[in-house]
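Please keep the sequence and the 3D view open as you read.

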Amino acid sequence: MEQQTFFSQEASAPLAARLRPQTLDEIAGQRHLLGEGKILRRLIESDHVSSMIFWGPPGVGKTTLARVIANRTKAAFIDFSAVASGIKEIRAVMQQAEDNRRYGERTIVFVDEIHRFNKAQQDAFLPFVEKGSIILIGATTENPSFEVNGALLSRCKVFVLKALQTEDLVALLTRALHDRRGFGGMHVHIEADMLEAIANFANGDARAALSTLEMVVLNGELDGDSVTVTAETLEQCTSQKSLLYDKNGEEHYNLISALHKSMRNSDPDAAVYWLARMLEAGEDPLYIARRVTRFASEDIGLADPRALEIAVAAYQACHFIGMPECTVHLTEAVVYLSLAPKSNALDVAYSRARQDALSQLAEPVPLAIRNAPTKLMKDLNYGKGYQFAHDAAEKLTNMQCLPDSLAGREYYQPTEQGVEGKFKVRLEQIREWKKRHASP
């Protein structure tokens with residue numbers, strides 16, 4: 001817990017710290033929040049900030065924004081770390097804020113990594129936020145809907161910070177080469193495509209981009225007062241042979257396509273190879289886990305319902321422990337899905353239903369299956385003729401659930417692959433029963 005002096009920088013600090021923006025105009029990216037006339041910029045410039053949460057991935061400017069606010073505000077500014085603080089420290093901060101309020105001074109409390117506070121710790125802030133003793137600014141890499149207590153969250157405006165684009169990072173790296181706080185006092189020779197490669201490798205993280213640039217410059221080839229960065233230096237400093245892998249470009253989509261099609265073709269060896277290619281190139285494991293989860297239903301579905309469970313479990317494991325430990329969890333999911341029986345019947349069913357839904361958006365819901373919570377609705381025959389399946393001996397009724405224009409339409413056509421064969425037999429029995437008992 002420190003006052004504004006916490007934001008002082010030393011000349012010997014890492015490049016990312018030396019180049020930390022002092023003004024809103026120096027912040028890379030986030031134009032949707034900080035562009036001219038945007039709400040967050042107006043709040044900061046007018047010194048009218050209210051309680052808010054900054055949510056976004058690492059290295060996108062959450063703490064930087066707080067420090068810019070600290071430099072501009074006339075309020076007392078207290079920096080607070082959720083990693084090193086507990087209830088005792090929170091109470092001390094709240095007492096200080098109360099003292100400030102008695103003297104007519106506003107207090108802004110910045111809590112970095114607010115998601116690390118448990119419910120009791122977050123609750124300790126709530127009464128002081130409610131009565132205006134403090135303005136709370138929290139920063140988190142986790143979804144605040146799940147990690148911040150609902151009562152506290154409802155009193156904060158959430159601003160979503162986005163991963164920086166490649167062009168934002170290239171501009172930042174270029175500024176670092178010319179700014180006196182960076183390498184402006186040196187003659188650094190580095191090709192433009194190398195800056196772009198560093199930007200791609202950083203995956204939207206400004207801090208990672210600057211740290212990589214600092215490493216390659218300090219390990220460059222010296223010639224008098226000049227430094228030359230070579231491709232070999234770049235590769236050695238990052239220990240990544242595949243540094244030029246563009247997570248937003250063609251190769252990104254080629255590799256995820258290769259993984260998907262290898263699993264679809266029941267080839268676990270190829271699938272594991274393409275998985276390794278992506279992970280070792282720096283791909284986000286959660287992105288791969290999301291695509292694997294989609295595959296579990298799109299290409300396997302009810303042929304093996306456990307496929308979805310395993311894919312979701314792999315995603316959760318990646319979320320819990322991250323790289324490099326989560327490689328084995330993704331491998332388990334990829335191999336299981338490769339060997340599972342395949343069926344795309346669910347994907348086909350939705351595609352067929354979607355076509356009808358888009359072409360017949362105005363089709364009314366049949367009266368029998370409408371909700372009727374009021375007397376007026378009941379008087380209008382909402383729910384009239386509804387048949388409660390549990391009351392029937394066979395748990396089936398002949399009630400029509402599709403609109404009249406689509407009556408009899410069949411979207412789901414199960415295959416006989418794996419467990420789906422059992423679903424096919426059951427569905428055929430149901431459809432046959434309904435034909436025999438159809439209303440005149």
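## The largest pocket

At least two lining residues of the largest pocket come from each of helix H7 (144-147), helix H9 (166-178), helix H10 (192-202), helix H13 (250-264), helix H15 (285-300) and helix H16 (306-321). Helices (H or I, at least four residues) and strands (E, at least two) are DSSP runs, numbered from the N terminus. This is a predicted model, in which local features need pLDDT of at least 70 and side-chain atom pairs count only at pLDDT 80 or more, while totals for chains, interfaces and linings use all residues. Residues are numbered from 1 along each chain as its sequence is written, and side-chain values use heavy atoms, with hydrogens and water left out.

The lining of the largest pocket has 39 residues, and Pro-57, Pro-58, Asn-203, Asp-284 and Leu-286 lie nearest the centre. The space inside is about 1,400 Å³. Here a pocket is an open set of points on a 1 Å grid over the protein atoms alone where a 1.4 Å probe fits, with protein on both sides within 12 Å along at least five of seven lines; lining residues have an atom within 4 Å of a point. The volume is the space filled by probe spheres set on the points.

Helix H4 (residues 62-72) is largely enclosed by the rest of the structure, because nine of its eleven residues are buried. Buried means under 20% relative accessible area, exposed over 50%, and partly exposed in between (1.4 Å probe, protein chains only). Among the buried residues of H4 are Leu-65, Val-68 and Ile-69.

How many disulfides are there? The count is zero, where a disulfide is a pair of cysteine sulfur atoms within 2.5 Å. The sulfur of Cys-318 has its closest cysteine sulfur in Cys-326, 3.8 Å away, so the two are too far apart for a bond. Cys-318 is buried at 3% relative accessible area, and Cys-326 is buried at 0%.

## Backbone details

Most residues other than glycine have a negative phi, and most peptide bonds are trans. Two residues other than glycine have a positive phi here:

Glu-113 is partly exposed at 27% relative accessibility, and Lys-395 is partly exposed at 47%. A cis peptide bond, with omega about 0°, joins Met-323 and Pro-324. Pro-324 sits in the loop between H16 and helix H17 (327-339).
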